[in-house]
Amino acid sequence: MRPPVAFFAALFVFASMQIAAGQNINLRYGQIPSTIKTVSALQFHIAQRKGIFAREGINLEILPIEGGAANMVAALNKGTVDITRTATPYLIQDVLKGSDNAAILGETATPIYSLIVKPEIKSFADLKGKTVGLSLAVDTISISTRKLMGMNGIKEGDFKVKELVGTPARADCLRKGECDAVPLGQPEDFVLMKQGYHRLGVSTDAMTNFQFIVSAVRRSWGEKNKDALVRYVRALASSYRFMREPANRDEVIRIVLDTTGSSEDIARQTLALYFEPDRGVVPKQGEIDVKGFAEVIRVMGEVGELKPPLPSVERFIDLQYLKAAGIQ
């Protein structure tokens, strides 16, 4: 007895799925543990849930890298990861020390960090003599917070510094009363404001346009894995477009709720902060803001983290993968 046609059809589908699965490219992505459940990682959750990575034949393994932001480029140099998330100052410093790393895609462009303070602190003047929880000195979070306080009459030496890497660590310091003020990203800033803490100002009051977070790779590895990187870039570009589309807002809100644990009210406030009007926090499709990158270099020179002559942006970026994915 001959097998029915449906049998052969099912066999063909199964075989096709096996072939497709065999063509998947595995990529190891280094992520700071404290950011995995924040809105800054939303593009990855969208790409996973909507099957965007699968459509591009990408199996993305997210590897938490402990020990702070500086360890992200170290993991890349060691080959522990293929791609890493990193703040631009750490990439800049690493390349100037001799690595062949380069930014290939823009993640967070100009972030909004709120300077959140204890309920009894009513003004910047009240910060004199107080403890401010900052990230490492080279980090743009610390630089922008110092500039914000300086604009409002609080100079270096007027306050004490406690170095804490990651919004969750700084939020915890504030809750415990060990810090009097801390810069926080979303949704933690909204959460604490609902609990009675105050916002004195935001980082974009001091730094209006810069490239904060990028995806970076080793140039030598990238040259051998161009197809994989173009697929990765194309997938995240699709994810950013989905995130930005007003018609998708309710679905994006649900993903924020599932991945961050925040309330719907806070999730809506966060996205409204980013997009109503568009404040340049989220890239349109993963593009690198070259002028914003140059601004990071300029500010690092201004605060003494870089010595003149200042290097050019081109030393730290490789736009070929964005161009190959049709993104200019």
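## Strands S5 and S8

In this predicted model, strand S5 (residues 114-117) and strand S8 run antiparallel and are joined by four bridges.

Strand S8 covers residues 181-184, and its side chains point in two directions. Ala 181 and Pro 183 point one way, while Val 182 and Leu 184 point the other way; all are buried.

## The disulfide

A search of the whole structure finds one disulfide. The bond joins Cys 173 to Cys 179, with an S to S distance of 2.0 Å. The torsion about this S-S bond is about 85°, and the disulfide of Cys 173 and Cys 179 is therefore right-handed.

Both partners can be classed by their accessibility. Cys 173 has a relative accessibility of 3%, which lies under the 20% cut-off, so Cys 173 counts as buried. Cys 179, at 0% relative accessibility, counts as buried.

## The five-stranded sheet

The model contains an open sheet of five strands with mixed pairing, in the order S2-S1-S3-S10-S4. Strand S2 (58-64) and strand S4 (101-106) stand at the edges; each has a single partner strand, so one side of each is left without a neighbour in the sheet. From one strand to the next, the twist averages 35°.

Within the sheet, strand S3 (residues 83-87) pairs with strand S10 (residues 213-218) in the antiparallel sense, over four bridges. Arg 85 has Ser 215 in S10 as its bridge partner. Helix H5 (residues 88-96) lies across S3, S4 and S10, and runs at about 110° to S3.

In soluble globular proteins, nonpolar side chains tend to be buried together. In this model, the largest nonpolar core has 81 residues, of which Leu 27, Phe 53, Tyr 232, Val 233 and Phe 293 touch the most other members. Helix H10 (residues 226-244) gives the most to this core, contributing 11 residues.

The surroundings of Phe 53 can be described in detail. When residues up to four places away in sequence are not counted, Phe 53 touches Phe 44, Ala 47, Gln 48, Ile 58, Leu 60, Tyr 232, Ala 235 and Leu 236. Another core, of 14 residues, lies apart from the largest one; among its members are Leu 115, Ile 121, Phe 124 and Phe 159.

## Aromatic pairs

A pair of aromatic rings is described by the distance of the centres and the angle of the planes. The search of the whole structure finds six aromatic pairs. In one of them, the rings of Tyr 29 and Phe 44 have centres 4.5 Å apart and planes at 45°, so the pair is tilted. This pair links distant parts of the chain: Tyr 29 belongs to strand S1 (residues 25-31) and Phe 44 to helix H2 (residues 42-49), the two being 15 residues apart.

Tyr 29 is buried, with a relative accessible area of 0%, and Phe 44 is buried with a relative accessible area of 2%. Ring pairs link Tyr 29, Phe 44 and Tyr 232 into a cluster.

Technical notes: Residues numbered from 1 in each chain as written. Predicted model: local features only at pLDDT ≥ 70, side-chain atom pairs only at ≥ 80, totals over all residues. Heavy atoms only, no water. Pairing = 2+ DSSP bridges. Axes fitted to C-alpha atoms, helices over the stretch in contact; angles between N-to-C directions. Contact = heavy atoms within 4.5 Å. Disulfide = S-S within 2.5 Å. Buried < 20%, exposed > 50% of the residue type's maximum accessible area, 1.4 Å probe, protein only. Core = buried A, V, L, I, M, F, W, Y, C linked by side-chain atoms within 4.5 Å. Phe/Tyr/Trp six-rings, centres within 6.5 Å; stacked < 30°, edge-to-face > 60°.
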